[in-house]
Amino acid sequence: MTPVLYGSIKPGKLKQLCLTSALALLQIYNCSSCTTFKMTSQLLVTFGALADVQYADCEDRPAHYNPLLCRYYREALDHVDSAFCEWEREGSVNFVLQLGDIIDGLNRNDASSHIAMKRTLARFEKYANIPTFHTVGNHELYNFSRKELTGFFWESLSHLDVSEHILAPPDVPTCLTSPLYYTFSPVKGIKCISLDCFEVSVIGYEPSHPRYVQAAEILYSHHGHYDFDGWDCDHFLHGRNKRFQAQNGAASEEQLDWLDKELQDSDTNGEKVILFGHVALCPGSVDDSCLLWNYQEVMDVFHRHSSVVLYLCGHAHKSGYAVDSHGVHYLVLAGIIETSPLEQAFMTLSVYEDKIEVIGYGREHSRTLFLRPATVAPVEAEEIELSAEDITSTLSTLSVKVVV
């Protein structure tokens, strides 16, 4: 079927808006039940996702950024058990994405970092039949060097039911950094890519490291000083400049080049690519303070490739969602650390040829993410950002007619 779109939209942006608005119409009006749209839906894979466990063996306390929120440190691992019990009950979950901040920075204060990490990873490893793939968060890097953290994650995978041939760490020189980005292919036609959102940052490195020096100069240019503690403050930053804090970071040029090649391979092979990292990429899905420093550069890489369908992250501690002008979806997960023991915070995602069905538990939302056709090439145009609210507002000036 061929979509034909009409409306009072500026010509320069019509090509960008038409596909995104069509997808939005399907989601907003739940057209999955409408006989006008007859889509072939073959299930490809089902997986689970959770974020910001931040386990520590300490008493509950208010969140530092909002005293009205409570952090449930010891109960965090019970949430992990709750999620896996549901995934085992469902019986269809192939793997789990852990979106960073698996332990809290408080562990560093009482020298319990290693104990906390081993205890937390053991809880995931208990469910070896549903392997967990990890991405790096800022709190891990408050506790460990990048080299130590790489060792923890890869050792944990060795205890799980994971075939070595599905994993593909990058072939890059280790003299500069220990790479925490990698790919894996759980089933034919699906590639998952973990991004390292802190490869350029002031955490996880010694101050003399080239990546630290690079990050320090970026932060200095926005804060006007080299005070580490003062870098995690946005009082004097405005708009999207609030992202330039020590709790965030950037992907290196080397990582972006690697990502571009991985996505090109997926385009050629007809794969759907699901990416995950700790820090958010799409404005509108989170507060500006939780965005990657070079989020636009990463999104620009996404937009060169039709294989990209979804990016998942945590970091913001509350749920968020956006779809960009190229039809790429962005999901932000709520933080387990600030989820009451009486609630839940995880999701199950089922990937089909034409959509992703998201089942949210507790603080997470359920939704259907309709995917752009693989044959539609990204358009070259000025980038615009659309949240769910923005899309809804376009519906008054845009009509969609589907010709079968």
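## The open sheet

Strand S5 (residues 95–98) pairs with S6 in the parallel sense over three bridges; two strands pair if DSSP finds at least two bridges between them, and strands are DSSP runs (E, at least two residues) numbered from the N terminus. Within this predicted model, Leu 97 stands opposite Phe 133 in S6.

Both strands belong to an open sheet of six strands, ordered S6-S5-S2-S14-S15-S16 with mixed pairing. Strand S6 (132–134) and strand S16 (367–370) each have a single partner strand at the edges, so one side of each is left without a neighbour in the sheet.

## Nonpolar cores

The largest nonpolar core has 66 residues, and Leu 259 and Phe 302 have the most contacts inside it. Such a core is a set of buried Ala, Val, Leu, Ile, Met, Phe, Trp, Tyr and Cys residues joined through side-chain atoms within 4.5 Å, where buried means under 20% relative accessible area (1.4 Å probe, protein chains only). Helix H2 (residues 76–90) gives the most to this core, with six residues; helices are DSSP runs of H or I, at least four residues.

Beyond four places in sequence, the contacts (heavy atoms within 4.5 Å) of Leu 259 include Ile 193, Leu 195 and Phe 302.

## Confidence and conventions

The mean pLDDT (the predictor's confidence in each residue, from 0 to 100) is 84 for the chain, and 78% of residues reach 70 or more. Over residues 375–404 the pLDDT is below 50.

Residues are numbered from 1 along each chain as its sequence is written, and side-chain values use heavy atoms, without hydrogens and water. Local features need pLDDT of at least 70, and side-chain atom pairs count only at pLDDT 80 or more, while totals for chains, interfaces and linings use all residues.

Methods. Buried means under 20% relative accessible area, exposed over 50%, partly exposed in between (1.4 Å probe, protein chains only).
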